[in-house]
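Subject: The structure I promised you

Hi,

Here is the structure we talked about, with some notes on what turned up in it. Have the 3D view open while you read, and click along as you go.

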Amino acid sequence: MNYLQAENITKSYGDLVLYSNISLSVEREQRVAIIANNGAGKTSLLRILAGADTPDCGSVTIRNDLRLGYLEQSPKLNPERTVIEEVFESSDVTLQTIKEYEMACRDNNTERLANATSAMDAAKAWNYEARIKQILSQLNINNFEQKVGQLSGGQKKRLALAKTLIDDPDILILDEPTNHLDLNMIEWLEAFLNSSKSTLIMVTHDRYFLDRVCDIIYEIDDHQIFKYRGNYSYFLAKREERIYNQNSEIEKARQLYKKELDWIRRMPQARGTKAKYRIDAFEDIKATAFKNTRSESMQIDIKSSRLGTKIIDLFSIDKRFGDKVLLNDFTYQFRRGEKIGVVGANGAGKTTLLNIITGNEPYDRGRIEIGTTIKIGYYKQEEMSFDENKRVIEVIQDVAEDIAVGEGTRLSPTQFLNYFLFPHQMHYAYVSKLSGGERKRLYLMTVLMRNPNFLILDEPTNDLDIVTLNVLEDYLAKYDGCVLIVSHDRYFMDKVVDHLFVFEGDGKIKDYPGNYTQYRDWKNSQVKAETAAAKPEQPQQKPRERADAKRRMTFKERKEFEQLESEIEQLETEKSQIEAALSGGESDAKKITELSTRFDEVSRLLDQKTDRWIELSEIESN
């Protein structure tokens, strides 16, 4: 069932054309992601789909009986309202009933609470209220009486996300929903959206999130839109195939263009009525032939300053704010070339640690020693203090007129901007005209071009497009200096870091040797072990039973065990065949959808049957 249809959408800002005559459709319960480079118009397209902006031409149609929820990249909230007033700012009758109940609880008004409780019973709103409290709790929204105007940017984004989810719309449009969420919140949101019946349209650069939540991807590229029926992994494979085929078509068009151009030049007398079709076709060939034949990529090879033997040493660092302990007796000596990820709940002290190391935050006790050759480059989460009236090239020129890159190469500001995918027409654009992601990329340039040998990055992945993220990952992998990164992007952390500082609370920091996924697997195994240890002991065997008697499989269990071995082998074979089909260039959309669905089903069955096989196999080994 079609829920939303956008047809022939064109959008431009002055001379900048974002897309021309693009169309897309969204069916019931589909999970759609929109991917594009920074500045290509992802947020603009979401605003058009949500009705917050209008296209230059084209139309958007949404079924009349559907409710739509829209999370903006920078939410607009009423600063004078309290958190609870903003959360329940809705005309929905059930939400208003729950709001009255919560207010009555807050004021401890017996008569009002009795009336509110009766209203909750009548509206059958108790399950709904429990769901709302789960959402607020998971997003760490607890101080209901705080004014919205007093919240940080991250708190406002989480409040707006909670408000959107609580409203339980039929269509959810989310712009960067994982920004400002810690890792536990992101994993909870994944599970929440996967269990939700809402139709989802979103923009996100979190690639694990894309892989696990979305089943349709639209890519905006070269003012056009391309559809992929599958998750992010499938998109990557098919995108490469699309680009290869497109480049082949362009090359053929260029060869034909040369022949047709020669005909046009040599035979002007042939341009009569009979040849008009050929002249018209020539214009189409020309348009194809002059397309860009390769996908733009950014290669970063910035030179880092020489690194001496002594890096940065921290000795017994303490830091607290009031009663809250952020760092407790933290000692660490950084080593050459190591890449450390910093993870933990929001407010645990991650950014505070970065600010202490860089001298931007005092500490209560301890000592810090910094090597004489250390040159820190600090990419701050919130700091992009550009003059809005400056042009892009002027921002670069203010840092340096000559930029050193790898192998003795030096670039001018113009070359450096091209290097970072700022085309020539953008060099003289005003900073005020840049998208959020383009500003982040410009800010990253100003940090890297100073040639630091100790990079400190606080949430560098927020708002950067996937192309830039991939290149930044490659750069950091080859970077020979030290790197300290705070990030909630699990994919990014897995590719870059070799160990973690895990903020566990109360000032405790665990140094874990591995990337985030390895840490998460270890943590889950610890939780399972603790749960098993907490189970009550099994009752003592009856005296007449032999204490040392071994449990044997029953006849029925033996038959099941043998059957499982056969079924597991068949499922593994089928899984391999599906993987081969999906990566083998299958182009039929219906077939791809069927294969993807069956792949998930086979994987689930394989896990279940393998677990049961292990359970049975352990009976006789005990």
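Predicted model: local features only at pLDDT ≥ 70, side-chain atom pairs only at ≥ 80, totals over all residues.

Two strands pair if DSSP finds at least two bridges between them.

**Strand β17 and its neighbours**

Let's start with β17, which covers residues 454-458. On one side, β17 pairs up with strand β14 (residues 376-379), in the parallel sense and over four bridges. If you want to find one of these contacts, look for Y378, whose bridge partner in β17 is I456. β17 also pairs with strand β18 (residues 482-486), again in the parallel sense, over five bridges. Here you can look for L457, which stands opposite I485 in β18. To get from β17 to β18 the chain goes through α16, and this β-α-β crossover is right-handed.

How many of the five residues of β17 are buried? The count is five of five, so the strand is mostly covered, with buried meaning under 20% relative accessible area. In a regular strand the side chains alternate between the two faces of the sheet. In β17, F454, I456 and D458 sit on one side, while L455 and L457 sit on the other. Residues on both sides are buried, so both faces of the strand are covered.

**Salt bridges**

There are 32 salt bridges in the model.

Is D318 buried or exposed? Its relative accessible area is 16%, so D318 counts as buried. R365, at 42%, is partly exposed.

D329 is partly exposed, with a relative accessible area of 42%.

Next, go back to α16, the helix in the crossover. E473 makes a salt bridge with K495, and the closest N and O atoms are 3.1 Å apart. E473 is in helix α16 (residues 466-478) and K495 is in helix α17 (residues 490-496), 22 residues apart. E473 is buried, at 2% relative accessibility, whereas K495 is partly exposed, at 40%. There is also a network to look up: R81, E86, E89 and K163 are joined by salt bridges that share partners.

**The second largest pocket**

Last stop: a pocket. Which element gives the largest share of the lining? That is α6, with five residues. α6 (153-166), β11 and α11 (350-357) each supply at least two lining residues. Sorted by class, the lining has ten nonpolar, 18 polar and seven charged residues.

Cheers

How values were computed: Residues numbered from 1 in each chain as written. Heavy atoms only, no water. Salt bridge = Lys/Arg side-chain N within 4 Å of Asp/Glu carboxyl O. Buried < 20%, exposed > 50% of the residue type's maximum accessible area, 1.4 Å probe, protein only. Nonpolar A, V, L, I, M, F, W, Y, C, P; charged D, E, K, R; others polar. Right-handed = clockwise from strand over helix to strand, strands pointing away.
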